[in-house]
Amino acid sequence: MSDRLIMQDPRNQYPRPPFPRQPQSAPGLAVEMRPRPDHGEDTYRGHGRLKGRRALITGADSGIGRAVAIAFAREGADVAIAYLPSEARDASEVIALIEAEGVRALALPGDVRDEAWNTFMVDRAVEAFGGLDILVVNAGRQQFREDVAEVTTEDFDATLKTNLYALHWLCQAAAPHLPPGAAIITTASIQAYEPSDILLDYATTKGGVVTYTKALAKQLIEKGVRVNAVAPGPFWTVLQPSGGQPQEKVAQFGAHSAFGRPGQPVEIAPVYVLLASQEASFVTGEVWGVTGGAGIA
């Protein structure tokens, strides 16, 4: 029986800092993290809540996107995963995990900063699966800078294109294909509400994600499509050691949460499952915080 089915103290359910320093070049690989994150590979159990659905998830090679891809597959959905070509090592594991559930998997290596690529991804998923019911916009760029003078135009451009432009391009491409009952889920952050001084561009984009999600929800509910956001707090993903935080903060990552540890990706995946499912039929324009006790305002 999985340990996650046993009642236990959540403060001690997963590793607590300090963690070893583990610098990686962006975008990094989950397979090189210590301790390795739990994306649900051995712990997530599905219940058929997305049986027959067709999903596209960006940034699904590692972190939250990977956990969502595994959960969706175990809930019965066909899953297309988008990732950078340099992340193929992680992505190949995800594809194998999806296919092990007896559903269809589609690998889409490319860069979401390319407008045409976003349209291609949607078209390819629709072609492969015969339609699209769920879009999860999750790919993100986070690179800390200690001073505003260090945030170059190239930095700002790359972060906005990854975190905001791609959100718009994907939603714009997907909307005509989404039937009534479909769902779009975006990934915001606690940074939209409590921005860190070293994450100026990242926090700015996450505030934009919240606003865009709420506005789009008002449009698409007229077509019977729900749009919601999930706002994570500190989660143990490769985003952190690959330049998202200074190494001294990586070593203590999550220590400030009410749990004294970071969240593991598998712990947030059920929220995406709920928002994608018919069980959330009266939920749109909402931001669901999963922040380790910090809350969102």
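A pocket, as the word is used here, is an open set of grid points with protein on both sides within 12 Å along at least five of seven lines, and its volume is the space filled by probe spheres set on those points. In this predicted model, the second largest pocket has a volume of about 210 Å³.

**Pocket and cavity**

The second largest pocket is lined by 13 residues, and those that lie nearest its centre are F259, R261, G263, E267 and G292. By class, this lining is made up of six nonpolar, five polar and two charged residues.

The structure also holds one cavity of 30 Å³ or more, and the largest cavity has a volume of about 50 Å³. Its lining consists of V137, N138, A139, T162, N163, L167, T187, K206 and V209, with helices α4 (153-174) and α5 as the elements that give two or more residues to it. Of the elements, α4 gives the most to the lining of the largest cavity, namely three residues. By class, the residues lining the largest cavity are four nonpolar, four polar and one charged.

**Nonpolar cores**

The largest nonpolar core has 38 residues, among which F72, V79, I81 and Y272 touch the most other members. The elements that give two or more residues to this core are β1, α1 (63-74), β2 (78-83), α2 (88-99), β4 (134-137) and α8 (269-276), and α1 gives the most, with seven residues. When residues up to four places away in sequence are not counted, Y272 touches I64, V68, F72, V136, N138, I185, T186, T187 and V230. A second, separate core of 37 residues includes A139, A166, A174 and V225.

T213 has its place in helix α5, which spans residues 200-220. Because its relative accessibility is 1%, T213 counts as buried, the cut-off for that class being under 20%. Leaving aside neighbours within four places in sequence, T213 is in contact with T186, V227, N228 and A229.

Note on methods: Residues are numbered from 1 along each chain as its sequence is written. This is a predicted model: local features need pLDDT of at least 70, side-chain atom pairs count only at pLDDT 80 or more; totals for chains, interfaces and linings use all residues. Side-chain values use heavy atoms; hydrogens and water are left out. Helices (H or I, at least four residues) and strands (E, at least two) are DSSP runs, numbered from the N terminus. Buried means under 20% relative accessible area, exposed over 50%, partly exposed in between (1.4 Å probe, protein chains only). Contact means heavy atoms within 4.5 Å. A nonpolar core is a set of buried Ala, Val, Leu, Ile, Met, Phe, Trp, Tyr and Cys residues joined through side-chain atoms within 4.5 Å. On a 1 Å grid over the protein atoms alone, a cavity is a set of points where a 1.4 Å probe fits but cannot get out, and a pocket is an open set with protein on both sides within 12 Å along at least five of seven lines; lining residues have an atom within 4 Å of a point. Ala, Val, Leu, Ile, Met, Phe, Trp, Tyr, Cys and Pro count as nonpolar, Asp, Glu, Lys and Arg as charged, and the others, Gly among them, as polar.
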